[in-house]
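Dear colleague,

Please find below the structure that I am handing over to you.

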Amino acid sequence: MPAAAPARKRILMVDDDQDFLDSCKAVLESENYEVLTANDGAAGLELARRSKPDLIVMDMMMTTTTEGMEISRRIRETPELRHLRLIMITGARSAMHLPFRFEPDPHHLPVDAVLEKPLTPAALLQEVRKHLGNA
């Protein structure tokens with residue numbers, strides 16, 4: 001009997017830009033990832049609780065400029081979710097003309113990585129593979 005195929009890794013994408021979600025979903029699905037999407041932090045948090053993704057990729061600025069940061073802290077405070085890998089994506093640096101890059105921080109930005117928008121498909125795939133153990 002042939003061995004069962006490995007389970008597809010599940011990725012939750014959270015962003016208020018539907019075009020960005022659609023393009024990222026297409027890129028990730030072309031690499032055989034299962035992709036779920038949510039358009040805001042509250043919906044993303046609820047979907048994470050229900051679907052138990054392997055990885056969350058979330059925008060920083062959605063309904064508010066810090067929504068992604070707030071949701072990432074809530075994820076880290078939720079026992080059944082705190083182990084999840086979390087990648088923050090942001091265009092805040094260029095939108096606000098900030099002289100610094102955002103970096104993961106256990107208190108203020110408790111994520112595993114921060115990626116700057118605009119984000120190329122190759123950069124997204126590289127970071128996803130790195131955090132899902134198939135880089």
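Read from the N terminus, the elements of the protein follow the pattern β-α-β-α-β-α-β-α-β-α. In total, the secondary structure comprises five helices and five strands. Please bear in mind that this is a predicted model.

The sheet is the next topic. Five strands form an open sheet in the order β2-β1-β3-β4-β5, and their pairing is parallel. Strands β2 (34-38) and β5 (113-116) lie at the edges, each pairing on one side only. From one strand to the next, the twist averages 20 degrees. In general, the strands of a sheet pair through backbone hydrogen bonds, in either a parallel or an antiparallel manner.

One pairing may be described in detail. Strand β3 (residues 55-59) runs parallel to strand β4 (residues 85-90), and five bridges join the two. Within this pairing, Asp59 stands opposite Ile89 in β4.

Helix α2 (residues 41-51) packs on the sheet, where α2 touches β1 (10-14), β2 and β3. The direction of α2 makes about 165 degrees with that of β1.

Some figures for the whole protein complete the account. Of the 135 residues in the protein, 44% are buried. The accessible surface comes to about 7400 Å², and carbon and sulfur atoms account for 53% of that surface. Where contacts in the protein join residues at least 6 apart in sequence, 66% of these contacts are between residues at least 24 apart.

Yours sincerely,
A colleague

Note on methods: Residues are numbered from 1 along each chain as its sequence is written. This is a predicted model: local features need pLDDT of at least 70, side-chain atom pairs count only at pLDDT 80 or more; totals for chains, interfaces and linings use all residues. Side-chain values use heavy atoms; hydrogens and water are left out. Helices (H or I, at least four residues) and strands (E, at least two) are DSSP runs, numbered from the N terminus. Buried means under 20% relative accessible area, exposed over 50%, partly exposed in between (1.4 Å probe, protein chains only). Contact means heavy atoms within 4.5 Å. Accessible areas come from the Shrake-Rupley method with a 1.4 Å probe; for residues, only the protein chains shown count as cover. Two strands pair if DSSP finds at least two bridges between them. Axes are lines fitted to C-alpha atoms, for helices over the stretch in contact, and angles run from 0 to 180 degrees between N-to-C directions.
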